[in-house]
Amino acid sequence: MKAAGARVLLTGASGGIGQAAATALVAAGASVMLVGRSPAQLATQARALLRESASAAVKPQVEWYAADLTRTSSVAGLAELAAGWGCDVVVHNAGVPGFGRLEALDANEIAQVLHLNLFVPMLLTQALLPHLRALPQARIVFVGSVLGRLGLPGYSVYSASKFGLRGFAECLRRELGDTGIGVQYLGPRSTRTAFNSDAVVHYNRATRTSVDDPQVAARALLDLLQSGAPERFLGFPEKLAVRLNGLVPAWLDSAFAKHRASLPPLEVPAALSLECPPSPAATDVDTHSLMHSTP
Ligand SMILES: NC(=O)c1ccc[n+]([C@@H]2O[C@H](COP(=O)([O-])OP(=O)(O)OC[C@H]3O[C@@H](n4cnc5c(N)ncnc54)[C@H](OP(=O)(O)O)[C@@H]3O)[C@@H](O)[C@H]2O)c1
């Protein structure tokens, strides 16, 4: 499928990879509907994209839609608008991170990651399928991650969302095999955006993990769209690790001691911390038993 003339619904358009992807798509002649949460930011981004494409022979359309996609009504509203606009490519790129030892993540954070990274793409795809099925040719692209095929310490919940997304994409590609809808999965490796906290930056440095600029992921997205390949993972040795992990996952189990050691330490709850000044109510007996329960 050619990017020129495509009408792309792009979620997460205001983020690091999303902005680079929108720029690359518009430069290639695609029209885009930008989706994020901040109307002011999306309006500014849309104006800049239109300015940059002012001299293009065929002027692309740039629309935007601001909504929190974790609200089910927003997903339905977006699908209706995108269908009316004639979108023929959907890029599911909105996502939130979840980094840290499992015990350090609270239930809300876990639910947020699974909801936005997995449940929202499922619902938005479902809502758009009647429209996409009626087109001679359409594409659904899921922006996953290398961590959607390779589990690393510290990424249990995030990886679960991206492994899930990959499984969803694979099933859907086969389910829609007799239609004009192609389904693709892009697996970027770590990318320099606001997505990654200081703790992730430290982890990446300590484990010598390479980090790409968002333009690398954006170019890969454009190439994937135009190539029609089912999936693509970025970076070496990540690609090799993904393949090995698919074939013999147990071989890799002992390869991540440095990653484990680079995780933020588990915070000892204040009540158990030995460095906490004893509370006025604490007795010698309490302190003694707490010291024994501290690892
Ligand atoms: N950065 C990496 O290292 C990396 C590596 C591999 C894969 N990825 C994947 O690439 C995708 C983009 O990542 P990024 O690095 O560009 O992240 P980012 O800069 O943090 O951008 C995230 C995007 O998601 C949107 N978003 C977040 N919560 C939302 C919600 N509730 N409703 C609607 N939109 C919401 C944000 O909108 P607002 O601007 O309104 O917040 C923003 O546009 C994600 O799916 C991520 O998992 C990232």
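I take a polar contact to be a pair of N or O atoms within 3.5 Å; within protein, one must be able to donate a hydrogen and the other to accept it, and residues adjacent in sequence count only if both atoms are side-chain atoms.

**Ground rules.** This is a predicted model, where local features need pLDDT of at least 70, side-chain atom pairs count only at pLDDT 80 or more, and totals for chains, interfaces and linings use all residues. Residues are numbered from 1 along each chain as its sequence is written, and side-chain values use heavy atoms, with hydrogens and water left out.

**The ligand.** A backbone N or O atom of Gly12 sits 3.2 Å from a ligand oxygen atom, and a polar backbone atom of Gly16 is 2.8 Å from an oxygen atom of the ligand. For Tyr158, a polar side-chain atom lies 2.6 Å from a ligand oxygen atom. Taken alone, the ligand exposes 900 Å², and the protein buries 90% of that (Shrake-Rupley method, 1.4 Å probe).

**The sheet.** I then turned to the strands (DSSP runs of E, at least two residues; helices are runs of H or I, at least four). I found an open sheet of 7 strands, ordered E3-E2-E1-E4-E5-E6-E7 with parallel pairing (two strands pair if DSSP finds at least two bridges between them). Strand E3 (62–66) and strand E7 (231–233) stand at the edges with a single partner strand each, so one side of each has no neighbour in the sheet. Strand E6 (residues 181–187) pairs with E7 in the parallel sense over 3 bridges. I also noted that Tyr185 stands opposite Glu231 in E7.
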